[in-house]
4 protein chains.
Amino acid sequence: MKKLGFLGLGIMGGGMAANLVKAGFDVTVWNRTTAKMEELVSLGARGASSPREVVAGCDVTFAMLADPRASEEVCFGPGGVLEAMGEGRGYVDMSTVDGDTSRRIAAAVAAKGGRFLEAPVSGSRQPAREGTLVIMAAGDRSLYDEAMPALERMGKLVLYLGEVGKAAAMKLVVNMIMGGMMAVFCEGLSLGKRAGLRIDDILAVLDNGAMANPMFRLKGPMIQEGRFPVAFPLKHMQKDLRLALLLGDLFHQPLVSAAAANETFKRARDLGLGDEDFSAVFRAVS
Amino acid sequence: MKKLGFLGLGIMGGGMAANLVKAGFDVTVWNRTTAKMEELVSLGARGASSPREVVAGCDVTFAMLADPRASEEVCFGPGGVLEAMGEGRGYVDMSTVDGDTSRRIAAAVAAKGGRFLEAPVSGSRQPAREGTLVIMAAGDRSLYDEAMPALERMGKLVLYLGEVGKAAAMKLVVNMIMGGMMAVFCEGLSLGKRAGLRIDDILAVLDNGAMANPMFRLKGPMIQEGRFPVAFPLKHMQKDLRLALLLGDLFHQPLVSAAAANETFKRARDLGLGDEDFSAVFRAVS
Amino acid sequence: MKKLGFLGLGIMGGGMAANLVKAGFDVTVWNRTTAKMEELVSLGARGASSPREVVAGCDVTFAMLADPRASEEVCFGPGGVLEAMGEGRGYVDMSTVDGDTSRRIAAAVAAKGGRFLEAPVSGSRQPAREGTLVIMAAGDRSLYDEAMPALERMGKLVLYLGEVGKAAAMKLVVNMIMGGMMAVFCEGLSLGKRAGLRIDDILAVLDNGAMANPMFRLKGPMIQEGRFPVAFPLKHMQKDLRLALLLGDLFHQPLVSAAAANETFKRARDLGLGDEDFSAVFRAVS
Amino acid sequence: MKKLGFLGLGIMGGGMAANLVKAGFDVTVWNRTTAKMEELVSLGARGASSPREVVAGCDVTFAMLADPRASEEVCFGPGGVLEAMGEGRGYVDMSTVDGDTSRRIAAAVAAKGGRFLEAPVSGSRQPAREGTLVIMAAGDRSLYDEAMPALERMGKLVLYLGEVGKAAAMKLVVNMIMGGMMAVFCEGLSLGKRAGLRIDDILAVLDNGAMANPMFRLKGPMIQEGRFPVAFPLKHMQKDLRLALLLGDLFHQPLVSAAAANETFKRARDLGLGDEDFSAVFRAVS
């Protein structure tokens with residue numbers, strides 16, 4: 001792999017691109033606001049004035065953008081990825097995935113003769129900086145293999161899941177399990193409290209047993225204190241539960257527990273908690 | 001604390017009593033089958049011929065018995081704990097808890113002028129041997145404080161939860177969360193599989209994120225292989241869900257997710273999976 | 001059938017006994033407060049001073065008492081049914097059924113050589129007066145056949161369900177369906193309202209289709225007006241749902257919908273609606 | 001109202017149009033296959049060769065077509081409704097409703113200066129023939145008032161629900177309640193059977209109480225016999241439950257019972273029962 005591009009140098013992208021530069025790759029970067037490009041340039045990256053310029057000069061271009069709308073604009077907009085896309089070039093969109101957007105971009109890239117990979121990540125700022133993200137890739141297999149040396153610098157776990165859309169499905173499955181866990185966790189905390197137990201005792205028992213996990217460890221004390229600083233908004237969790245249930249409908253997969261969790265998250269939205277952290281679902285069951 | 005007694009030297013009790021002996025306590029032991037006593041005696045414990053003899057010679061006697069029925073017999077039966085119970089003596093039953101049995105024993109001990117603590121543990125053979133159990137104690141507070149030097153040798157986490165019965169409630173709360181997690185975990189794995197994902201990819205993503213926990217790590221690969229070696233029988237999990245729901249009924253605590261999980265475990269029992277491991281609930285959702 | 005007895009002349013029993021007298025049976029009656037006996041005597045019944053006296057003088061004695069406690073006292077108390085029970089005599093308790101009480105009375109009657117039938121009814125004051133109750137009988141078959149001429153005067157539908165306890169099971173099954181219908185009915189009304197429909201339009205459509213039923217017709221307008229005059233207390237409905245779910249547990253019968261309804265009724269109790277009519281569950285879903 | 005048109009003379013439309021003719025209205029009819037037109041013409045209707053011809057000659061045209069696709073074709077296709085639609089003309093589509101199709105037709109009719117009403121019915125062949133349908137109308141209010149003399153001849157209950165789309169919402173609400181009722185009905189029948197009750201006894205008790213309704217009366221005996229002749233396909237019921245749940249999502253309306261019913265119907269589809277009658281959901285709970 002000779003030359004890499006990187007579009008989007010925000011909280012996540014900045015750290016990810018830096019890891020590529022530090023690993024010795026020849027990296028060209030672009031960001032909407034140029035200030036953020038300077039740090040990368042000072043590390044050894046080249047700066048470019050548009051996504052098109054990056055794609056035109058690179059073999060494989062990565063993108064890490066804020067949301068599906070940003071992904072669309074950077075791809076389809078003026079000065080965008082498609083204007084320079086062509087035979088042999090690769091485009092890896094690592095932004096938060098959305099099946100429809102992803103398939104639209106994939107089709108457009110393919111129509112220009114290029115190759116596409118959706119590669120959303122799990123993990124936030126610190127893992128991005130430390131190169132310990134979980135990367136779920138789906139799409140062109142040859143591009144995946146070719147991009148692997150770079151992907152390995154950004155993630156501690158890199159998976160190839162199959163055709164475009166599979167990464168979106170993975171996100172829904174994982175978030176569905178997360179929503180179900182959070183709902184029954186909150187029910188347990190509320191039941192225990194009413195039965196005269198102390199929440200921190202329950203948390204201590206959980207954290208010393210087979211169910212011990214970072215989510216309970218992080219959210220438990222916040223729930224106890226009634227603080228719900230937003231990491232993942234409750235309305236987004238409910239949306240993912242709805243989408244996971246629709247995915248289940250497609251396959252006639254009974255999802256009794258996930259459906260129950262969805263109703264609890266809907267109750268929470270009905271209580272006006274949609275913009276709080278998803279752990280605020282506690283208030284809908286207590 | 002001068003003298004300690006220990007009743008029941010099975011898989012769990014053997015290791016726990018050994019830890020007390022190794023810590024230098026003066027320990028008198030008893031077991032239904034005498035063979036198991038020899039190992040403890042060789043470590044420095046005294047052997048006794050009945051629970052009564054142990055209690056008569058000790059300040060605080062611990063018990064770790066197979067089930068509530070064994071707890072009752074050792075307490076109320078001929079040559080049992082009650083025959084020697086009296087003013088100033090303490091009895092700590094660490095067997096798997098059951099609210100009613102526990103309260104009956106507590107009342108009988110108190111009637112004799114003694115003090116009682118229910119102190120069920122979470123953790124199995126190895127933590128028992130290594131002294132890293134989680135101990136949930138409830139009952140007489142002064143006995144709890146007095147027994148602490150011994151409890152600390154058996155557990156890495158020792159909690160005092162309040163009056164007798166609270167430890168049973170804690171067990172139900174924790175197992176209810178466990179059942180709910182397992183149900184939605186299995187739904188997610190089945191949904192993912194139908195959507196074309198590989199189960200080991202889902203497990204890898206979960207194990208590298210905020211939900212990573214020993215239970216998913218242990219049970220996930222077994223579920224994938226369709227093997228369900230019994231660690232915790234499915235019918236016991238369903239029973240605990242039922243009891244947790246009845247506890248919720250008492251406090252009018254809505255438990256939509258736990259109730260959904262209970263129905264799924266009932267379906268599994270209806271499919272004849274009651275004696276399999278509780279992770280076999282996967283077969284009821286897939 | 002020569003001589004009939006009737007114990008309990010309240011709102012229900014008064015009308016039922018009157019129907020027997022009007023049909024030409026030789027009827028001896030007893031009631032705790034004697035005032036209520038006079039009306040029956042004026043119709044042609046004999047009055048007695050105790051349940052014992054009634055049973056002593058009759059072939060078959062019916063009882064319609066306020067609750068399980070009254071059933072127990074009239075049977076086991078001083079001057080009660082058991083004191084005169086003996087070979088060849090029959091006792092038919094038509095009070096609201098409770099499996100345990102029923103089985104205790106059945107055993108006591110059998111021990112005296114008598115025969116027993118539990119025969120709870122569905123229907124209230126007016127059907128009692130008009131002889132159009134639904135009578136669900138369980139217990140001694142020969143007594144059922146012998147009592148039929150009288151039962152037919154009190155009910156428009158008389159069923160023999162099998163051994164003692166079956167009538168209690170029938171009540172739970174029927175009330176479980178009622179609770180489930182009410183829960184989803186209320187969800188539909190609330191959804192429709194939020195979607196901009198008028199509740200009375202929804203009620204009109206329902207009442208003109210395949211789901212038209214007296215319960216929706218009666219409760220619908222009350223729900224619309226937010227009035228919940230107590231006919232069947234919400235807490236009793238929730239108790240019956242809990243008992244039906246426990247019955248389901250016994251047979252590993254998955255009851256996903258009934259369990260969901262139970263949680264909704266629990267939420268209603270948690271909102272303080274336990275003493276309102278069970279249709280007040282609307283407030284827990286709207 | 002001077003002149004009425006009627007498009008679609010199938011099982012439903014034939015009887016409905018006949019009722020208009022018999023009531024003395026001046027009616028022009030059209031049907032894809034001309035054979036069916038003859039009966040109406042023999043009753044006194046005029047025949048036309050296309051929807052356009054009907055609309056061109058009538059003040060208000062009614063349509064009763066097989067499905068949304070037929071509705072679209074008759075409206076938008078060659079020789080269709082739109083070709084003759086214009087200022088002052090009214091179009092009332094009484095076919096089974098689908099929010100999107102309905103809104104597309106409404107917009108097209110309005111763009112031509114015409115007025116539109118969606119007016120789906122509940123009831124089947126016999127009520128259509130007898131003029132006892134339930135008609136749920138939504139859309140242009142002045143057209144509703146103008147069409148009332150004709151609507152009253154076709155339905156025993158005619159409701160105006162508001163803007164276009166409201167009739168679709170009503171259908172979803174009503175079918176959601178129907179699905180929930182059927183699910184808990186089947187759970188009750190299965191529970192009763194396992195508890196040793198006879199299904200026909202349960203049906204008799206239900207049919208003599210406050211829940212008595214035509215649906216239980218019709219489907220109960222079929223469920224008992226294990227016969228599920230298709231009146232309303234299970235897969236359509238599950239689709240309506242899914243759509244009702246999505247409608248609930250829009251308003252954050254918790255629908256715990258409907259969600260549970262949906263999962264049960266999904267299980268039934270997973271068992272291969274999608275093309276059976278929706279009462280076959282019994283097999284998913286028994």
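**Where chain D meets chain A**

Reply: On this side, 13 residues of chain D are in contact with 13 residues of chain A (C-beta atoms, placed from the backbone, within 7 Å). The model is predicted, so local features need pLDDT of at least 70 and side-chain atom pairs pLDDT 80 or more, while totals for chains, interfaces and linings use all residues. Residues are numbered from 1 along each chain as its sequence is written, with chains lettered from A and ligands numbered from 1 in the order of writing.

Two helices of chain D, H11 (234-250) and H12 (256-270), each supply at least two residues of the side that touches chain A (helices are DSSP runs of H or I, at least four residues, numbered from the N terminus). Of the elements on that side, H12(D) gives the most, with 8 residues.

Within chain A, helix H12 (residues 256-270) packs against helix H8 (residues 166-194) at an angle of about 70°, with their axes 9 Å apart (lines fitted to C-alpha atoms over the stretch in contact, angles from 0 to 180 degrees between N-to-C directions). That contact is made by A:Met176, A:Gly179, A:Gly180 and A:Ala183 of H8(A), together with A:Ser257, A:Ala258, A:Ala261, A:Thr264 and A:Phe265 of H12(A). The residues of this contact between H8(A) and H12(A) divide into 5 nonpolar, 4 polar and no charged.

Definitions and conventions:
Contact = placed C-beta atoms within 7 Å. Nonpolar A, V, L, I, M, F, W, Y, C, P; charged D, E, K, R; others polar.
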